[in-house]
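Trainee: Could you take me through this structure step by step? I would like to learn how to read it.

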Amino acid sequence: MNLKSVVKYQILDGKIAIPVFYLVVLCVMALLLVSVSEIGEGSSASISGLEMASIIFLFIVGLNAFRETFRMMMQNGVSRKTMFKGYIITVLILSIGMSLINAVLLWVGKAMVATKDNVFYRSLFEQLYEMRYAGNTGGIQPVLEELMFMICLSGAAMMFGYFITTLYYRLNKAGKIAVSISVPGILIVGLPIFDAVVTGGMIYRAFWRFVAFALGLLSGPNPYYAMVSSLLAVALFAAFSWMLVRRAVIKD
């Protein structure tokens, strides 16, 4: 198999999951729009952030992108390098493709509530960077910036999922149990207690300030911070994943 065949195989792996996912999204959109259509004068409603479902979906795609693909590629004489390159290209294709579909669905949603002044259909991008475009609702710049934002965020989600699944693949049974218990335990129980008792909440304040900085909410707001942060995350998770993949062996 050459690189083109590897990419085609990994994309076609989601030929059922992706249409089903968007069918569910369309059903949810329809239900929400039917619900808000009953809102009378004096009340208002907002539908927003549905594209986050696609981010979560692509993260799950990343979580399921290694084991079976790795076994099949190794059995057909495909090198780890070719397989990994194929996945990177797949990430790019799916990130662009699903971001474009999300943009179309956003336009459809806005069109369906256009006649109702008390119902607002907004994307995650519009929520985060609303002040950037205050008084400037037209033009191509917001559209392009939102598309680039979603592509970068989608790519980061896929690579993060891939890193997690390759890490678990390389760990032995004891390591998997240790990671599965210790990481949630530290993040959910240990760290909050330590932060509340010892640091007086400084850790979480610093964390949320870092998130706001990475998203560009402390600088404008500016979505290009989020794009650069996402691309850095893609590069970081890709580097770690390759370190794990290059010495991986077939397991039963």
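Mentor: We shall begin with the basis of the model and then turn to its folds, cores and charges.

Trainee: What should I know before reading any values?

Mentor: This is a predicted model, in which local features need pLDDT of at least 70 and side-chain atom pairs count only at pLDDT 80 or more, while totals for chains, interfaces and linings use all residues. Residues are numbered from 1 along each chain as its sequence is written, and side-chain values use heavy atoms, with hydrogens and water left out.

Trainee: How many helices and strands are there in the protein?

Mentor: The protein has 10 helices and 2 strands. Helices (H or I, at least four residues) and strands (E, at least two) are DSSP runs, numbered from the N terminus. Read from the N terminus on, the order is α-α-β-α-α-α-β-α-α-α-α-α.

Trainee: And what does the C-alpha trace span along its principal axes?

Mentor: The trace spans about 65 × 50 × 30 Å.

Trainee: What share of the residues counts as buried?

Mentor: Of the 252 residues, 35% are counted as buried. Buried means under 20% relative accessible area, exposed over 50%, and partly exposed in between (1.4 Å probe, protein chains only).

Trainee: Which residues touch the most other members of the largest nonpolar core?

Mentor: They are Phe66, Met83 and Tyr162, in a core of 38 residues. A nonpolar core is a set of buried Ala, Val, Leu, Ile, Met, Phe, Trp, Tyr and Cys residues joined through side-chain atoms within 4.5 Å.

Trainee: Which element gives the most to that core?

Mentor: Helix H5 does, with 8 residues. Among the elements that each supply at least two residues are helix H2 (17–36), helix H5 (80–112), strand E2 (119–122), helix H7 (141–170) and helix H10 (223–245).

Trainee: What does phenylalanine 66 touch?

Mentor: If residues up to four places away in sequence are not counted, phenylalanine 66 touches Met83, Tyr162, Thr165, Thr166, Tyr169, Val245 and Ala248. Contact means heavy atoms within 4.5 Å. There is also a second, separate core of 11 residues, which includes Phe149, Cys152, Ala157 and Ala226.

Trainee: Why do such groups form at all?

Mentor: As a general rule, nonpolar side chains tend to be buried together in soluble globular proteins.

Trainee: Let me pick serine 230. Is serine 230 buried or exposed?

Mentor: Serine 230 is buried, because its relative accessible area is 7%. The residue sits in helix H10. Apart from neighbours within four places in sequence, serine 230 is in contact with Cys152, Leu153 and Ala156.

Trainee: New topic: how many salt bridges does the structure hold?

Mentor: It holds 3 salt bridges. A salt bridge is a side-chain nitrogen of Lys or Arg within 4 Å of a carboxyl oxygen of Asp or Glu. One of them joins glutamate 126 and lysine 110 at 3.1 Å, N to O. This pair links distant parts of the chain, with glutamate 126 in helix H6 (residues 124–128) and lysine 110 in helix H5, 16 residues apart. Glutamate 126 is partly exposed at 23% relative accessibility, and lysine 110 is partly exposed at 32%.

Trainee: Which side chain does arginine 132 meet in a salt bridge?

Mentor: Arginine 132 meets glutamate 145 at 3.0 Å, N to O. Arginine 132 lies in the loop between H6 and H7 and glutamate 145 in helix H7, so the pair ties together parts that are 13 residues apart in sequence. Arginine 132 is partly exposed at 30% relative accessibility, whereas glutamate 145 is buried at 1%.

Trainee: And what about glutamate 130 and arginine 122?

Mentor: Their side chains meet in a salt bridge at 3.3 Å, N to O. Glutamate 130 is partly exposed, with a relative accessible area of 46%, and arginine 122 is partly exposed as well, with 25%.

Trainee: Last one: how far apart are the C-alpha atoms of leucine 167 and phenylalanine 240?

Mentor: They are separated by 8.9 Å, although the two residues are 73 residues apart along the chain. Leucine 167 belongs to helix H7 and is partly exposed at 26% relative accessibility.
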